[in-house]
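Dear colleague,

Please find the structure below. My notes on it follow.

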Amino acid sequence: MQRNGFNAQESAFNEGIRVDSVVVYDFVSYWSVADRAVLIQADLSGHVRNEVIAHSVAHIEMAESPELAAALDGERWRGRIEMQVHHVVAHRLIPLANLRDALEIGNTMPQVAALLGVTEFLLGWRLQHLSNEEFGMIPVHLLNRLGWLPGMATDYPYKCLWPTSSSGEMLRQLAPGRHRK
């Protein structure tokens, strides 16, 4: 269980989504709506693994949305879908009460991210997209002492591959015997 309390592996299981680990080097996660499956890089640290699974599960949960279908067909910018996924994951892994508690203790982005059990990227995303109501619940001095501003560089911790018509075949090749035709 991650410090943020959201166990993405358990969430995937409850949604009927299979999570497999593989050793590959050109991506960190790969998700397939048709197979309800996620492949993730085998050597991810605990908090990154949790975040990557949560990210992939959010993609699969959006499977029936017209926006995702349009993006898969190349009719909508995939970046918009990624932003929606980041929003879902950030709220699941960083509830406002936990964020405020971590800001009370930590003085820097790395410290607060570690307290929350998330990457600095996701913490930055959550902070950048706080609603006005959420801003009202966090004392401004806690945000100011981070020394962070939106748009400041943080490493993007994962790259996910979007499925194509040959997605099932890729899953079968990467994890033989686990994915059926």
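**Strand pairing and a helix crossing**

Strand β2 (residues 29-32) and β3 pair in the antiparallel sense, with four bridges between them; strands are DSSP runs of E with at least two residues, helices are runs of H or I with at least four, and both are numbered from the N terminus. Two strands count as paired if DSSP finds at least two bridges between them.

This is a predicted model, in which local features need pLDDT of at least 70 and side-chain atom pairs pLDDT 80 or more, while totals for chains, interfaces and linings use all residues. Residues are numbered from 1 along each chain as its sequence is written, and side-chain values use heavy atoms, without hydrogens or water.

Within β3, L39 is the bridge partner of Y30. The hairpin of β2 and β3 has four residues between the strands, and R36 there takes a positive phi near 45°. Strand β1 (residues 18-22) also pairs with β3, in the parallel sense over five bridges, and R18 stands opposite A37. Strand β3 (residues 37-41) is largely enclosed by the rest of the structure, because five of its five residues are buried (under 20% relative accessible area, 1.4 Å probe, protein chains only).

Helix α2 (residues 46-61) contains N50, which is buried at a relative accessible area of 6%. A polar atom of the N50 side chain lies 2.8 Å from the backbone oxygen of F6.

Regards

Terms used
Buried < 20%, exposed > 50% of the residue type's maximum accessible area, 1.4 Å probe, protein only. Polar contact = N/O pair within 3.5 Å; in protein donor to acceptor, adjacent residues only side chain to side chain.
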